Amino acid sequence: MERRDFLKISAAGGAAAALEGCGNPDHQLIRFIPEEDLLPGIAAWKPSICTQCPAGCGLLVRVMQGEAEVVRNGQLGIIKMGLAKKLEGNPNHPINQGRLCPRGQAGLQVTYHPDRVRTPLARTGPRGSGQFQEITWDDALKQLVSHLSALQASREEGRLAFLTTPLRGYRKSLVSGFAAAFKGAPPVEFAFFDDSVIRTANSSSFGHASPPTVDLGQSNYVISLGADFLGTWNSPVAQSIAYGMMRKGRPGQRGKFIQVEPRISQTGASADEWIPCKPGTEGVFALSLAHVILRDKLRPGSAAGASIEGWSQGLPDYAPEKVETQTGVPAATITRIAHEAAANAPAVALIGDGATAHTNGLFNALAVNALNALLGSVGKPGGISFTPAGASQTGKAASSDFGASVRALAEKVLSSPDAVKALLLYNANPVFATPPGWRVREALDKVPFIASFGSFVDETSALADLILPDHSPLESWLDDAPPSGSARTVASLAPPAMMPLHNTRAMPDVLLDVARQLGGDLAKALPWKTYDEALQAAFTTLYREQGNKAAKDADEFWSKAQEQGGWWSAEEKPAGVGAGKASGAPMRNTGPQFEGAAGEFPFHLLPFAAQMWYDGSLAHLPWMQEAPDPLSSVMWGSWVEINTQTAGERGIQQGDLVEVASQHGTLRAPAFVTPGIAPDVVAMPIGQGHANFTRYAKDRGANPILILAPMTIAETGSLAWSATRVKISRVGKGKMVLFGGSLTEAPPESRHR
Amino acid sequence: MVIDLDRCTGCEACVVACHAENNISTVGEDQAARGRAKHWIRVERYYEGEFPDVKVKFMPVLCQQCDAAPCEPVCPTYATHHTAEGLNSQIYNRCIGTRYCANACPYNVRFFNFYNPVWDKPLHLQLNPDVSVRTVGVMEKCTFCVQRIKAGEIQAEAEKREVKDGEIQPACVQSCPTRAMVFGDLNDPQSEVSRMARSNRATKLLGELGTLPKVTYLQRDSWHVGEDARTD
């Protein structure tokens, strides 16, 4: 071939390639002018706040320039923008000190999730069908405002309900301020892992209605009753940092750690001793320790046990020998642990998760509070203390309880259908996370108008008439006031780490906009144009009250807080422990109640927080689905944990499909056979079994909440989710994906060979 | 690297941090069921004893960056080779996918791309521009976050100084809540990693195979209070 011919052919090929380029829709998009000044290849680190669980860790977001398809003014196009590439802990943040858990690491995928709601949606099909059409923000807001002004016109403001995930800080002030100024019902907060039992117990024992901050780092002896404090409970990163200190941070001194729970949790796996007690007897176990300490005069008696019946007589009913059968723990073990704990001060006890989700959960928590007081670990180094509240506004918002529970809301709607005429929904998913006995789904069906601010169409948002998608956390102004995890006052703050990708608006900004459009008292109560103005006003107050050492004026305080991810007090000064508000007769153990007769339903069902999916709200992230569970290595599905001996007796093998039945329903999941669970207990992770909630979570695994009995803890009204009894039977071969492979049949390619 | 098993709680922050840093794609349920999920670092668990006397031990396992790596001599294309700094590195564009290295590796830490990786849009925007994406037919493995090592060295050189101990942290080490993992220069006897590697709890994973792994594990400890201060 001559050179000239070669060039001709190449030119023709080049032209074809160029034409092909024109045919690619990607290349037809408009190029927007960049909104930020960024250097290619240079990373900027911006502070943010992790919202994956309630711990409130501080983040640093690695932002680098990239090209993204975005919507600007309703127009799709391409823009060069700063994109979040990696999340790391903020090293200066007092809660997580630069560290992060797996759920926090995966926060990035919330922003970039392919199934995020990208633009406002209006329902077209029947409720729950998931059929929506895209509408503009103007239309969406018009619909919302017209529903709300109709309520105002007919003087039915009280029939507006706000159902939200638990909020903190100024976001909570804004939402409750909106509800109050509209004269609507107070907002209802809902999360499956509800800490109301611990807050009630701590309020009663110590005068602090918040979860404790545990100084594990200086502790020599740790007794945890059911609390998965290294995995998902309370402030797991702060507690893990302290745990590392407790084990190896002090030369020559290694604390001992005992975990008491019927199923070995990820935290229990790290314990020096795992003690399987009978479900619901954690409080009895704690008081038995107290009995031995009082009997053998190992520590001076304490008045904090006044809330427990029989304390002044030395708890005669809780002698280890007397409670041996009840707790299933040998008397000698209890006596030994009591002596060890008393001899190795500072010793501390903590309780949480399944142990507080029994009908006697409050008794269990109060028993542990009394034990801590006896061990002398309240408000002392190596013991429990309380994170001091921030500025008056944050403090007030954090301690005020939204009150009514989602169950009460459902009952109200079911008894009089007109009770709620419009419902605003923010990131709470009670349709997934309440037992069917609470009839939340039926109640929501009766509400004539539901508007959701959700970023994803989950089981509850699927019922909405209107979806007004929020920005992702990384795209939002965030603030937080973590109630535990630090001995400093913490007021976290973060500006958006990146510009929004989609046609979304921040929920607080939408509320402010709606308030402006409705006018009147509402507009007067919420005078700010945008949420960051509200935050700046709040931080000005905070500066006057607390921060005058940190900056020379309020403006500097505000900009410094944005730079470092918030403001925290310089000195560690835990809130003082008060006398408590114990009222009424001393508490007695009524024993845990279970639903289902022991004969017909021989097993306790113990649902637990999955390390990767938490309460199910993280099951939509592919990294979380593919990360192997720490104790079973299961990926992409759920499982039932069954004791080795029990499984053997019933002919159940690893991976077999098992049917779990309670009085309220049945589900099927593969069996994970383990020695780390009591023979009369079966356990299941919470988080899978979503009916929708994106392509990664939909129709995957089973949801144990759907077979739970609607038992409650009388004092708090919260769900006693450890109180259901079940029966199990083998159905056949199942499918369980373990890391390292779990083929139950030959793969297709090997059949060809 | 030193991993203190007495601090490790098996939380798997390292596992997800590694995915985020190194552009490791997820493979989905069906491929995962065939053992094709890719986790450059994993947490192994060992159950000991029968109910009620059960103990569980966690152990994070990643490429041990062996000095006598069994994966290296079997590679026909020198895709797997030893760098001057002592890293066991994988050169993706040399790899022709024989998978000999994965067969030779006793630690099971090499992962093969059976398909081209897929990120459902816009998940591709999370990709770290400092790390290349591997295509079908290529073996991949832990690099000790070589991109972070290089960035740290370049930064130090620009400032005309030595790299400081603890300045460079792979993503897993950075994220670890209990500080179970420590990374540093083993050639510097003063570094924290060297000091810890001399601990009387130090052990190597399958060290008896003669692979000379560069990851040291410190065994889980038992309870001791008030004993004489130990070196670890």
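Author: This is a predicted model. The mean pLDDT of chain A is 90, with 91% of its residues at 70 or more. Two stretches of chain A fall under 50. One is residues 13–21, where the model has one contact beyond four places in sequence. The other is residues 392–400, which has 18 contacts in the model beyond near neighbours in sequence.

Buried in α10(A) are A:I334, A:I337, A:A338, A:A341 and A:A342. Seen down the helix axis, these buried residues fall within an arc of 125 degrees, so they line one face of α10(A). The general rule is that an α-helix has 3.6 residues a turn, so residues three or four places apart point the same way. The cover over the buried residues of α10(A) includes the strands β10 (221–225), β11 (256–260) and β13 (347–351) of chain A. Helices α8 (282–295), α9 (320–327) and α11 (361–375) of chain A also take part in that cover.

As for how the chains meet, 66 residues of chain A are in contact with 56 residues of chain B. Among the elements of chain A that give two or more residues to this side are β3 (58–72), β4 (75–89) and α7 (236–248). The most comes from α7(A), with seven residues. By type, the chain A side divides into 34 nonpolar, 21 polar and 11 charged residues.

Methods. Residues are numbered from 1 along each chain as its sequence is written. Chains are lettered from A and ligands numbered from 1 in the order in which they are written. This is a predicted model: local features need pLDDT of at least 70, side-chain atom pairs count only at pLDDT 80 or more; totals for chains, interfaces and linings use all residues. A residue is buried if 20 or more other C-beta atoms lie within 10 Å of its own, exposed if 12 or fewer, and partly exposed in between; C-beta atoms are placed from the backbone. Helices (H or I, at least four residues) and strands (E, at least two) are DSSP runs, numbered from the N terminus. The arc is that of the directions from the helix axis to the C-beta atoms. Two residues are in contact if their C-beta atoms, placed from the backbone, lie within 7 Å. pLDDT is the predictor's confidence in each residue, from 0 to 100. Ala, Val, Leu, Ile, Met, Phe, Trp, Tyr, Cys and Pro count as nonpolar, Asp, Glu, Lys and Arg as charged, and the others, Gly among them, as polar.
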